[in-house]
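Student: I have a model open and would like to go through parts of it with you. Shall we begin with one of the helices?

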Amino acid sequence: MPTARAAALVLLFTALASHAGAAPVPSEAGVPPPAPLDPRGLPGPLLIVGGGKLPADARRAFVDVAGKDRAKIVVIPTASADADDPKKVSSFLTPWEELKPASVVALHTRDAQKANDPAFVKPLAEATAVWFSGGDQNKLTAAYRGTLVEKELHRLHARGGIIGGTSAGAAVMTDLMIAGGTDTAKLCDGFGFLPGFVVDQHFVARKREKRLEGVIASHPTRVGLGLDEGTAVLVRGRVARVIGDSTVTVCIAKGAGRAAAADEYKAGSLLDLVQLQRAALNRAAKEPFPPVKPPTPDVKTGALVIVGGGGAGANIWKKFIDLAGGPDSTLVVVTTAMEDPLAPESVEEGALKRNGAKHVVALHTRDRKEADDPKFSDVLTKAKGVWFSGGRQWRFVDAYEGTLTEKRFREVLARGGVIGGSSAGASIQSEFMPRGHPLGNTVMAAEGYERGFGFLPGCAVDQHFFARKRTADMTGLMKRYPQYLGIGIDEGTALVVRGSVAEVIGRTKVAFYDTKKATDGDKDYEEVTVGEKYDLKERKKIK
């Protein structure tokens, strides 16, 4: 059922698809592409179980998330034929009652008129959790799709309530639902609590790999989740944790130079659902990232100050202030890469003020709608310098990619201003963004989070480079994407870029990786030290 949240996500998808350099995603056989997940995650939790015996820790997790002894659970057994027998209804409730929540009640009808009765739906308005039992998922959608029951289910989820289900109750979680079929799936609309995904259950036990892989091949903008029996995923926000005895298989269609993927995850594994969906959308795009031939590294107007983390010295801060036009210029510090809650004043704001800047303004949001509001980024229309903080670079992408705020970042550079940043604020400046995986910073090429803001085209920038012994990581990245110029910046060191010339300032050195050049002994990179310059177009040190 359409909701205001769903409509907002459709707008979000449009914004992502219209990102400078991002290719539009086509519809699939008349089915529009899914609205992307809100980067802030789902409004409420989900527990999706692949059928068979429900793992005890999954059942306990469901009740705990629902409020423990204050949980009010509504069980919907409609997928089962036994739901019509009053003598058997108690069998659906007893396993939950044993965990002693505040209440457990059944909700069941096959009459759409009754499903639209406010008195019938009232238990959902008071519930903290809803559980869909197994059986036939078509019975669930036939009874409740488009009714007040479905509307109340979405309201419960929007206010943070948990929705769970097993087997048929798992299949209905997504917007595109597998309704049946052996090797070739029959498809229809589900309830859409997890948009952009398709769930298949009894996955390994009933050999359903071909079925789900076929759905994803014909609907490549979606991600498949194949849940085996006795196995579940608990989704909170944007992260799913695997629970149980078997595996969850993640299926993504081929594209962007990659073969179709069917990766298995065992209990304890974490999945970032936004990352998976971004990977699928990129693979399905008409012009996926990264391009085979990226643009030449050239900052045509303005300047970049790219710092390798570990603290910038006074000379780096003063260089940034000078390039922005001096201490009286308006400077904006974008603090979004940092984890909430943010400090009243960031380290970067303090450093700029200590080094003479008189007008320093912080900019932060995690709300893409706010990032598209002209009032939010109005300060950028007057700014002569923008500094991206340290933290995790994917947070910049989630908040600003494709928004008016990102457009205004570019306008600062276009009118001759300076863009700077350290650590995460360094990698976000490059076209290819290393270490962008939301679940950790060890993945150099995080599919779905490989595209930076591209202020420095044709390059992949890594930071904390020599201090954290990251030379081999860049070697691996260059083998995978040899079309890029790899740049590794050490701590306390900055690369100042104007035009196609990069000057090293600060404390130590920068490594440049050019796969077209023969290696020098055991080094596959060229070192450029403080005071030296490098020609990014010609890929050579300037003598």
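Student: Which residues of helix H12 are buried?
Tutor: This is a predicted model. In helix H12, residues 347–354, the buried residues are Glu-348, Glu-349, Gly-350, Ala-351 and Leu-352.

Student: And what covers the buried residues of H12?
Tutor: The cover includes helix H11 (314–323) together with strands S16 (330–334), S17 (359–363) and S18 (385–388).

Student: Which residue with a positive phi follows H12?
Tutor: Gly-356 follows the helix, and its phi is near 110 degrees.

Student: Let us change topic to Asp-175. Where does Asp-175 lie?
Tutor: Asp-175 is in the loop between helix H8 (168–171) and strand S6 (176–180).

Student: What does the side chain of Asp-175 reach?
Tutor: The Asp-175 side chain reaches the backbone nitrogen of Gly-196 at 3.2 Å.

Student: Now the open sheet: what is the order of its eight strands?
Tutor: The order is S3-S2-S4-S5-S1-S10-S11-S14, and the pairing is mixed. Strand S3 (103–106) and strand S14 (270–272) are the edge strands, each pairing on one side only. From one strand to the next, the twist averages 20 degrees.

Student: In what sense do S11 and S14 pair, parallel or antiparallel?
Tutor: Strand S11, residues 239–244, pairs with S14 in the antiparallel sense over three bridges. Ala-240 stands opposite Leu-271 of S14.

Student: Which strands does helix H10 touch where it packs on the sheet?
Tutor: Helix H10 (residues 273–284) touches S10, S11 and S14, and its direction makes about 55 degrees with that of S14.

Student: One more topic. How many salt bridges does a search of the whole structure find?
Tutor: The search finds 37 salt bridges. One of them joins Glu-152 and Arg-155, with the closest N and O atoms 2.8 Å apart. Both residues lie in helix H7 (residues 148–158), three residues apart, about one turn of the helix.

Student: Is Glu-152 buried or exposed?
Tutor: Glu-152 is buried, at a relative accessible area of 9%, whereas Arg-155 is partly exposed at 41%.

Key. Residues numbered from 1 in each chain as written. Predicted model: local features only at pLDDT ≥ 70, side-chain atom pairs only at ≥ 80, totals over all residues. Heavy atoms only, no water. Buried < 20%, exposed > 50% of the residue type's maximum accessible area, 1.4 Å probe, protein only. Helix = DSSP H or I, 4+ residues; strand = E, 2+ residues; numbered from the N terminus. Contact = heavy atoms within 4.5 Å. Polar contact = N/O pair within 3.5 Å; in protein donor to acceptor, adjacent residues only side chain to side chain. Pairing = 2+ DSSP bridges. Axes fitted to C-alpha atoms, helices over the stretch in contact; angles between N-to-C directions. Salt bridge = Lys/Arg side-chain N within 4 Å of Asp/Glu carboxyl O.
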